[in-house]
Amino acid sequence: GLAEKINVKTQLTGANSCAITDGNVILTTTNEPGNTYPDITGVNNLLTIGQGFSITIALKVNGSGTINSLWIEGWTQSIKWSGGSAPSAGASGHDVFTFTVVKTGNGTSDYTVFGAATNYA
């Protein structure tokens with residue numbers, strides 16, 4: 001169908017594990033207290049080389065929290081950020097991050113990750 005499954009979390013800090021089966025859209029409902037990262041699980045064994053997925057994360061912010069890395073199955077991945085560098089936290093509202101991930105090999109870090117963020121007050 002056209003609908004995406006939404007994974008609602010209080011915040012990502014302390015609850016970084018995000019199973020892909022819980023939804024490709026993650027929404028946090030409490031201000032993020034500091035820099036954090038989502039650890040996307042349940043994808044490595046599903047994907048073959050050349051396959052990928054997209055994920056959207058709407059992170060509630062108040063000037064202090066942002067996503068500074070993306071993990072897959074417990075392994076940090078390098079991100080190619082839109083604009084060339086990781087974004088700073090928005091002053092209020094939600095920072096909406098979009099990540100496009102492509103599996104490029106069989107290793108735990110064999111992914112190409114593209115990331116972008118926009119603040120919605």
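Trainee: What radius of gyration does the protein have, and how does that value stand against the one for a compact globule with 121 residues? With that settled, please examine the largest nonpolar core.

Mentor: The model is a predicted one. The protein has a radius of gyration of 14 Å, which agrees with the value near 14 Å for a compact globule with 121 residues. Its C-alpha atoms fill a box of roughly 40 × 35 × 30 Å along the principal axes, and 37% of the residues count as buried. The protein contains 0 helices and 10 strands.

Turning to the part in question, the largest nonpolar core comprises 22 residues, and those with the most contacts inside it are Ile-40, Phe-53, Phe-99 and Val-101. Two or more residues come from each of strand 5 (52-60), strand 6 (70-72), strand 8 (79-81), strand 9 (94-103) and strand 10 (111-120). Strand 5 gives the most, with 4 residues. Leaving aside residues up to four places away in sequence, Ile-40 touches Cys-18, Ile-20, Phe-53, Ile-55, Leu-70, Trp-71, Ile-72 and Glu-73.

Six strands form an open sheet in the order 1-3-5-9-10-8, with mixed pairing. Strand 1 (6-9) and strand 8 stand at the edges with a single partner strand each, so one side of each is left without a neighbour in the sheet. From one strand to the next, the twist averages 20 degrees. Strand 9 and strand 10 pair in the antiparallel sense over 10 bridges; Tyr-111, in strand 10, is the bridge partner of Lys-103.

Technical notes:
Residues numbered from 1 in each chain as written. Predicted model: local features only at pLDDT ≥ 70, side-chain atom pairs only at ≥ 80, totals over all residues. Heavy atoms only, no water. Core = buried A, V, L, I, M, F, W, Y, C linked by side-chain atoms within 4.5 Å. Buried < 20%, exposed > 50% of the residue type's maximum accessible area, 1.4 Å probe, protein only. Contact = heavy atoms within 4.5 Å. Pairing = 2+ DSSP bridges. Axes fitted to C-alpha atoms, helices over the stretch in contact; angles between N-to-C directions. Rg over C-alpha atoms; globule rule 2.2 N^0.38 Å.
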